[in-house]
Amino acid sequence: MPQSVSSDPITYENQLHVWKGVAVVHIRRGLQYLVAISAAAVVSVAGFIGSPAQATTPETNALYNSAQRHFTDGDSAAGRADLRELIGRDPADAQALSLQAIWSNYDNDIPARDDAMGRLRVVDPGLAAGTDGVFRAIGAGVATLPNPLPALVGPQTGIVVFGFGLLPDGTPRPELVDRLTAAWLQAIASPASPIVVSGNNPSNGITEAEAMRNWLVGRGIPASRIYVENRAGSTVANALYSAEILHDIGATSAVAVTSPNHIRRAVTDLYIAGIPVVGATTSLDQLVSQLPPPDRAAQYSIYLDATRTFQLPVTR
């Protein structure tokens, strides 16, 4: 099992600090998959995200932080307005340019997106390439169809099961049982694939991941196949920590397993974390209602997660 970075649950507010020690690893791995860029560019982006080299001022930092608060609160227009003011003061702020491009894409403001990307390609080509990769990951996630049928994959493909809250006694809630049932079917269909169960949020002294492992082992899945990721407290952290485990055990792709209304976020975040997703297995609950492509409002959480998984700082 990989060594723990921190026992504290990851939230949007503390994510950058918790991941400071491994941010370089994740960005390097993610960009190696997301974009075909040189090794020098990968290192450039990794260094930029892990310990920003750009000069900032209290004024531009305040605008950046205000923009991120607006994005967290669901107001992309206000967030982009803050970023426009910031970029007007500092046209070379690469983090602001990346955020502006991503959220302009969400708002379907193509001229603003292209302007931000054009500036970013000059300021930091590596981060620009990574941002292009974020667009592709979001596109892949939005295009994902929930599928109750397991994918047929081999030992190089891991099965990543996203956690859900437990009952007060530490047993899985019905929605988590539905996810685990889909994971069990996927595990039977792919008997050589390793399984990562991901989730912290303990109840009665047991984490989601431990409860998930126990459920699967109780239904005949060998414990030796299961890797317990019991630090994540969010979908972003599920993807980042699970990607770390999959890389460490040599897996090169994943099948994401979760609920239909969660699968597109999960797929997007795994892609950005550096893991190609070759299957999206879901439970049957709410399947039909989740088959149509998500509208703009439904994509908001996908975009927000994408910026967090890409590890642009939430505050600075």
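Contact means heavy atoms within 4.5 Å. This is a predicted model, in which local features need pLDDT of at least 70, side-chain atom pairs count only at pLDDT 80 or more, and totals for chains, interfaces and linings use all residues. Residues are numbered from 1 along each chain as its sequence is written, and side-chain values use heavy atoms, with hydrogens and water left out. The protein has 13 helices and 5 strands; helices (H or I, at least four residues) and strands (E, at least two) are DSSP runs, numbered from the N terminus.

**Overall**

- Of the 316 residues in the protein, 57% are buried (under 20% relative accessible area, with exposed over 50% and partly exposed in between; 1.4 Å probe, protein chains only).
- The protein exposes about 12,300 Å², and carbon and sulfur atoms supply 57% of that area (Shrake-Rupley method with a 1.4 Å probe; for residues, only the protein chains shown count as cover).
- Among contacts with a separation of 6 or more, 75% are between residues 24 or more positions apart.

**Helices H8 and H12**

- The axes of H8 (residues 125-143) and H12 (residues 263-272) come within 8 Å and cross at roughly 150° (axes are lines fitted to C-alpha atoms, for helices over the stretch in contact, and angles run from 0 to 180 degrees between N-to-C directions).
- H8 and H12 are therefore roughly antiparallel to each other (over 145 degrees; under 35 is roughly parallel, 65 to 115 roughly perpendicular and the rest oblique).
- On the H8 side the contact is made by Val134, Ala137, Ile138, Ala140, Gly141 and Val142, and on the H12 side by Arg264, Val267, Thr268, Tyr271 and Ile272.
- These residues divide into 8 nonpolar, 2 polar and 1 charged (Ala, Val, Leu, Ile, Met, Phe, Trp, Tyr, Cys and Pro count as nonpolar, Asp, Glu, Lys and Arg as charged, and the others, Gly among them, as polar).

- The buried residues of H12 include Arg264 and Asp269.
- Gly274 follows H12 and has a positive phi, near 105°.
- Leu240 and Gly274 are 34 residues apart in sequence, with their C-alpha atoms 8.6 Å apart in space.

- Leu240 lies in helix H11 (residues 235-249) and is buried, with a relative accessible area of 1%.
- Thr307 is found in helix H13 (residues 296-309) and is buried, with a relative accessible area of 1%.
- Not counting residues up to four places away in sequence, Thr307 touches Leu99, Ile102, Trp103 and Leu312.
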